[in-house]
Each structure stands twice: as structure tokens, then as C-alpha cells.
Amino acid sequence: PELLDRYAEVAVKGAVAWESFQALYLGTPIPTAYAGNDAGIGVVAAKQGRRGLLSGAKLRNLFDAIDIHGFGFISLGDAVREQELVQQSLPELLAKWSEIDSDDSGTISWEEFR
């Protein structure tokens with residue numbers, strides 16, 4: 001019943017991450033990475049059963065490597081420019097770009113990326 005009451009809070013484009021479902025089922029707090037409409041690359045990886053593939057620090061280092069200008073967001077141009085790195089580390093980034101870019105800004109912030 002709580003899942004139905006809090007669906008809008010935990011759903012990401014019509015799907016609920018396993019971690020959110022489990023937290024609601026067990027009555028524990030929802031991990032912040034899975035609360036709200038956060039469809040970052042960590043959530044995408046978790047949905048694909050790849051949880052734990054990249055640690056938070058490695059994910060941040062990767063983000064910073066793609067954000068070569070240090071603006072705090074990455075553009076599609078940045079991702080294409082760093083295509084080799086992206087393909088080696090996060091091949092789903094380009095395929096899931098619009099899902100990760102939850103505010104439809106055309107760029108991905110660190111908050112969206114994680």
C-alpha cells in the first residue's frame with residue numbers, strides 16, 4: 001500500500017528501482033540515489049543489474065573527465081568528444097541520454113549523472 005501512496009515520489013519514467021521497492025516493502029528509508037525522479041547513470045546501471053559496477057568516486061572521476069571544461073554538466077558534444085572513454089566505461093550513457101537528462105536541458109548535471 002505504501003508503494004501506491006508514494007509512487008510519484010519513487011517512480012522514474014514509470015518504473016520503480018528495486019532499491020526503492022525494497023525500502024518501501026521493508027519500511028526502511030529510500031536511498032537518496034533512488035528517491036524522486038533521479039534517473040542517473042547509477043540508477044540505469046542498477047536497473048540493468050549492474051549495481052556496484054562503478055563506485056561513487058569512480059563515477060565522479062568519470063563525470064569530471066567527460067566535463068572537460070569544468071562547467072558542472074556534460075553536453076552531448078562532451079560525451080562525443082570523449083567517446084572512447086564513454087564507450088569503455090559507460091556505453092549506456094549515449095543510448096540513455098534522454099532518460100538521464102531528466103530536466104530536458106540537453107546537458108547532464110552531476111545530480112542527474114549519479
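Predicted model: local features only at pLDDT ≥ 70, side-chain atom pairs only at ≥ 80, totals over all residues.

Analyst: Let us begin with one side chain: at 48% relative accessibility, Arg 81 counts as partly exposed.

User: With which residue does Arg 81 form a salt bridge, and how far apart are the closest N and O atoms?

Analyst: Side chains of opposite charge can pair when their charged atoms come close. Here the partner of Arg 81 is Asp 78, and the closest N and O atoms are 2.7 Å apart. Both belong to helix 5 (residues 76-81); because they are three residues apart, about one helical turn separates them.

User: How many salt bridges are found in the whole structure?

Analyst: The search returns four. One of them joins Arg 60 to Asp 64, with 3.2 Å between the closest N and O atoms. These two residues are both in helix 4, four residues apart, or about one turn of the helix. Arg 60 is partly exposed at 31% relative accessibility, and Asp 64 is likewise partly exposed, at 37%. Another salt bridge links Lys 96 and Glu 99, whose closest N and O atoms are 3.9 Å apart. Lys 96, at 28% relative accessibility, counts as partly exposed, whereas Glu 99, at 18%, counts as buried.

User: Which residues of helix 4 are buried?

Analyst: In soluble globular proteins, nonpolar side chains tend to be buried together. In helix 4 the buried residues are Leu 59, Leu 62, Phe 63 and Ile 66. Seen down the helix axis, they fall within an arc of 100°, so they line one face of helix 4. The face turned away from that buried side carries the exposed residues Ala 57 and Asn 61.

User: Which residues have the most contacts inside the largest nonpolar core?

Analyst: That core has 14 residues, and those with the most contacts inside it are Ile 66, Ile 74, Leu 90, Leu 93, Trp 97, Ile 108 and Phe 113. Helix 4, helix 8 (97-100) and helix 9 (110-113) each supply at least two residues of this core. Helix 4 gives the most, with four residues.

User: Where is Ile 66 placed, and what does it contact beyond its sequence neighbours?

Analyst: Ile 66 is in helix 4 (residues 56-66). With 0% relative accessibility, Ile 66 counts as buried. Leaving aside neighbours within four places in sequence, Ile 66 is in contact with Ile 74, Asp 78, Ala 79, Glu 82, Leu 85, Val 86 and Leu 93. Among these, Asp 78 is the salt-bridge partner of Arg 81. The C-alpha atoms of Ile 66 and Arg 81 are separated by 8.2 Å, although the two residues are 15 apart along the chain.

User: Is Glu 112 buried or exposed, and which backbone nitrogens does its side chain reach?

Analyst: Glu 112, a residue of helix 9, is buried, with a relative accessible area of 7%. Its side chain reaches the backbone nitrogen of Ser 102 at 3.1 Å. The side chain of Glu 112 also reaches the backbone nitrogen of Asp 103, at 3.1 Å.

User: What is the phi of Asp 104?

Analyst: Most residues other than glycine have a negative phi, and most peptide bonds are trans. Asp 104 has a positive phi of about 55°, although it is not a glycine. Asp 104 lies in the loop between helix 8 and strand 4 (107-109), and at 64% relative accessibility it counts as exposed.

Methods. Residues numbered from 1 in each chain as written. Heavy atoms only, no water. Buried < 20%, exposed > 50% of the residue type's maximum accessible area, 1.4 Å probe, protein only. Contact = heavy atoms within 4.5 Å. Core = buried A, V, L, I, M, F, W, Y, C linked by side-chain atoms within 4.5 Å. Polar contact = N/O pair within 3.5 Å; in protein donor to acceptor, adjacent residues only side chain to side chain. Salt bridge = Lys/Arg side-chain N within 4 Å of Asp/Glu carboxyl O. Arc of directions from axis to C-beta.
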